[in-house]
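Hello,

Here is the structure I promised to send over. Please have a look at it first, and then read on for what turned up in it.

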Amino acid sequence: MDLVRHLRYFTVVAEELHFGNAAIRLGMAQPPLSQRIKRLEEELGVRLFDRSARQVRLTEAGRLLLGEAREIVARVDRLRELARHGEGAVLKVGVPPDLAAAVIAALVAGFRESHPEVRLAPAEIWTADQVAALAGGTIDVGVVRHPVTAPGLYFGQTLVQPQGVLLAEGDELTQRAEVHLADLAGRELLMPPKEGEPGMHAEALAECRRRGYVPAQVHEGSGLGLVMAGAAVAFGPRQESPGLAWRPLIGSPLSYRISTAWRVASDTVADFSAAAVRTLKESAGMAEQSSAPARRVSRRPGALA
């Protein structure tokens, strides 16, 4: 058992006195959090919480442990920070698995230019897992999609990435210059995993329904094989790939919001955040949220006003 990580979970539950709120803060589901607290209690041989249907309260043992747990977690965080500086600095970064490889390469190269002494260690993980990794100290900074509900995190500048639709190159809709969301009716949709991108997932599907598109089935994943095979469509930024065709969506109804996120501030994290904004603007076609084009309210061609 990773005792420090379990103590970190314990301190968050003790601060919230609500397993659901603590799970949201940690970016994880409630059942695994409850299991880990139970495992910690078994390891220590004491009950840390009194649980009832109405409330969660610390036991006397829990109150005694809380101060020590906070001190242990803070000391470990400090030791990790000192170790990073001592080993010539390694910055552990989380990025979405579906972020284009060329963008990740540009991100690493752009940061390396200004900070050759810092080794960037990117890990491809979804937003919810990044939130948990930031809470656990296994990454230093992440590139996350919004909305994100995670008290204790700090966020960099929010960028907006307009989404179009990706189709198989032989799809009949490729004959059009633009596609309305309602034109996708009856088609299956490929999206990032709901557990990994819960906020973005919910917002995108709600907008689809509002615009007249209810997917026949929602597949989860980051590979585009289903789209190339004509079995599903997907949303994404403008791109050119063999076997695929990209078309803009009429009215620009979908835009994903992205920013950096961190829990422990440092000059290196701040510099990475600034470099990420520059790279995502230049290499991923993102724009500042305040300067992004407003969504045009549009109807499906032929619809009654």
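For the charges, Lys and Arg count as positive and Asp and Glu as negative, while His and the chain ends are not counted. On that basis the chain has 36 positive and 35 negative charges, and their mean positions lie 5 Å apart. Please keep in mind that this is a predicted model.

First, the overall picture. The chain has 305 residues, of which 46% count as buried. Its C-alpha trace spans about 70 × 50 × 35 Å along the principal axes, and its secondary structure comes to nine helices and 14 strands. Of the contacts with a separation of 6 or more, 74% are between residues 24 or more positions apart.

Now to the strands. Strand β7 (residues 159–162) has two partners to look at. With β13 (residues 255–262) it runs antiparallel, joined by four bridges; here glutamine 161 has tyrosine 256 as its bridge partner. With β14 (residues 287–288) the pairing is again antiparallel, over two bridges, and valine 160 is bridged to alanine 287.

Helix α9 (residues 267–284) is worth a look too. Its 18 residues should span 26 Å at 1.5 Å a residue, and the end C-alpha atoms are 25 Å apart, which agrees. Its buried residues include Val269, Phe272, Val277 and Leu280. Among the elements that cover the buried residues of α9 are β3 (90–95), α5 (101–114), β4 (119–124) and β5 (141–146), as well as β7 and β13.

Eight of its 10 residues are buried, so α6 is largely enclosed by the rest of the structure. Among those buried are Gln130, Val131 and Leu134. Just after α6 comes glycine 137, where phi is positive at about 80°.

One residue of β3 also came up: valine 90 has its place in that strand. Is valine 90 buried or exposed? Its relative accessible area is 12%, and the cut-off for buried is under 20%, so valine 90 is buried. Valine 90 and methionine 191 are 101 residues apart in sequence, with 32 Å between their C-alpha atoms.

Most residues other than glycine have a negative phi, and most peptide bonds are trans. Against that background:

- The peptide bond from histidine 146 to proline 147 is cis, with omega near 5°. Proline 147 sits in the loop between β5 and β6 (154–155).
- Leucine 17, in the loop between α1 (3–16) and α2 (19–26), has a positive phi near 50°. Leucine 17 is partly exposed, with a relative accessible area of 38%.
- Serine 252 is not a glycine either, yet its phi is positive at about 45°. This serine is found in the loop between β12 (244–247) and β13, and with a relative accessible area of 27% it is partly exposed.

Happy to go through any of this with you.

Best wishes

How values were computed. Residues numbered from 1 in each chain as written. Predicted model: local features only at pLDDT ≥ 70, side-chain atom pairs only at ≥ 80, totals over all residues. Heavy atoms only, no water. Pairing = 2+ DSSP bridges. Buried < 20%, exposed > 50% of the residue type's maximum accessible area, 1.4 Å probe, protein only. Contact = heavy atoms within 4.5 Å. Charge placed at Lys NZ, Arg CZ, Asp CG, Glu CD. Expected span 1.5 Å × (residues − 1).
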